[in-house]
Amino acid sequence: MVEGTYSFRTWDALLAGEEAERALAAVDAIAASLAALPRPTTAEAETAQYGALSIPSFAGGHAGYALFYACLHQHRPDEGFDEQALAHLDLAIQLLSSAQTLPNLYSGFTGVAWTVEHLKDLLDLDQDDDLNADIDQALYEHLGQSPWQRPYDLISGLAGYGVYALKRLPRPLAVKCLERVVDRLAELAVERPEGVTWHTPADHLWPETRKDFPDGYYNLGVAHGVPGVVAVLAQICAAGVARAKAQPLLEGAVSWILGQRLERGDDSAFPYQVTNDGATKTARAAWCYGDPGIACALLVAARAIGEPAWENEAIELARLSATRPQSTTRIVDACLCHGAVGLGHLLNRCHQATGDELLGERARFWLREALKLRRSGEGFGGYIAWDLGAGGEMEWLAVPGFLTGATGVGLALLAAATSHDPRWDEVLLVSPVLS
């Protein structure tokens, strides 16, 4: 079924010598800290609060830990990391079956299923035992809802379902799921003067955000907005699925994104979001929101359908974000989502895909910054996160998970210090799901 082929899968270690040793020492410390985590009971899973840190989840729970240990096993295959990966994966599946979960990619059952699919080769799992067949059917039925009232984004909506279904190609039900993803996106698409976009209504926002945006907004972050949709639609087109409907949406969405560029001299080239009256706010330099994430999503889209103009835009944007003054990036901690290691990994991914040496050098800079942020004896492997505490205020916390915690830091440092292609980052839409 997959029609498109495009080059992204070359990878060389970016760090060498003493820096690589420091990165791998941090990875080992994170692995040891995760090994000391208590294993939750089924009863605890049933009362878990869902979201970024839900117990079975990919973003903050055992599915993410399984991914980390599987990648460590790929680097050092004779040290039992595969057993730890399988233990976390089994626990994620067990907890998922015992609790009511959403279908969301990052905090629900499609994320656990994506992890199972991704780890088949890394852990040499039984290819004939399809653990995800029931998930495919459940997702297909879920996507039958029309009109669609749920999010369209990567973290918790349609774009995320697209990532999972792309991973399941060429299975017929995966194709049908992708067709429904395109149908639902087409239903929600909004025509604007600059092109096609998708609106985030106020009732999909956090209560505090809703106060500032009572009419909702148009989101420019990969995690929750239009750039994530662009990267998914491009790969759906490359797979030859629903292309007649998907490609006009894709081209319109890229046009809309490029039409939101801010005036030269602003901290960022693109804002967090755009309102109906045109109000904008410059963004941080990150994956979730900001120029680096948009650059990677555009590069994936450009390579998927062979569009040089989009690739030129992506590389220019990546270079711009690479040279942004550190004081304006709003980077505080090391996390993958919006921290130093995340920016380093995104620039590294663009460097590996293009050979651009400026991107490589700036990637090294931000990875070094991530190593500087390690605090011996604190958090997980020396890493703590500037995150939302139980009282609703930002504070320094020990966070183990993939997206905002130590697991993601470990994965990016491992990628920087070894020659193993970090294919796990396809779930961030900074490299292609199709390969």
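Modeller: The structure contains four cavities of 30 Å³ or more. A cavity here is a set of points on a 1 Å grid over the protein atoms alone where a 1.4 Å probe fits but cannot get out; the points are joined across faces, edges and corners, and the volume is the space filled by probe spheres set on them. The model is predicted, so local features need pLDDT of at least 70 and side-chain atom pairs count only at pLDDT 80 or more, while totals for chains, interfaces and linings use all residues. Residues are numbered from 1 along each chain as its sequence is written, and side-chain values use heavy atoms, with hydrogens and water left out.

The largest cavity holds about 80 Å³. Its lining, meaning residues with an atom within 4 Å of a point, consists of C71, Q74, H75, L411, L414, A415, T418, H420, D421, P422 and W424. Two elements give two or more residues to that lining, α3 (62–75) and α16 (406–417); helices are DSSP runs of H or I with at least four residues, numbered from the N terminus.

One of the lining residues, C71, is buried at a relative accessible area of 7%; buried means under 20%, with a 1.4 Å probe and protein chains only. The whole structure has zero disulfides, the criterion being a pair of cysteine sulfur atoms within 2.5 Å. C350 is likewise in no disulfide, although the sulfur of C296 is 3.5 Å away. C350 is buried too, with a relative accessible area of 4%.

Helix α14 covers residues 340–354, and its end C-alpha atoms are 21 Å apart. Because 14 of its 15 residues are buried, α14 is largely enclosed by the rest of the structure. After α14 comes G355, with a positive phi near 80°.

The largest nonpolar core has 148 residues, and Y106, W198, W287, F402 and L413 touch the most other members. Such a core is a set of buried Ala, Val, Leu, Ile, Met, Phe, Trp, Tyr and Cys residues joined through side-chain atoms within 4.5 Å. Helix α12 (residues 291–305) gives the most to this core, 11 residues. Beyond four places in sequence, L413 contacts A23, A26, V27, V341, L367, L371 and Y383, contact meaning heavy atoms within 4.5 Å.

F58 lies in the loop between α2 (42–46) and α3 and is buried at 0% relative accessibility. Among the residues F58 touches, leaving out those up to four places away, are A63, G64, L67, Y106, W114, F402 and V427.

Elsewhere, helix α7 (residues 158–167) is largely enclosed by the rest of the structure, because 10 of its 10 residues are buried. The cover over those residues includes α5 (109–122), α6 (133–142), α8 (172–188) and α10 (226–238). In helix α11 (residues 243–258) sits Q247, which counts as buried at 18% relative accessibility. Apart from neighbours within four places in sequence, Q247 is in contact with C237 and I305.

Methods
Buried means under 20% relative accessible area, exposed over 50%, partly exposed in between (1.4 Å probe, protein chains only). The expected span of a helix is 1.5 Å times one less than its number of residues. On a 1 Å grid over the protein atoms alone, a cavity is a set of points where a 1.4 Å probe fits but cannot get out, and a pocket is an open set with protein on both sides within 12 Å along at least five of seven lines; lining residues have an atom within 4 Å of a point.
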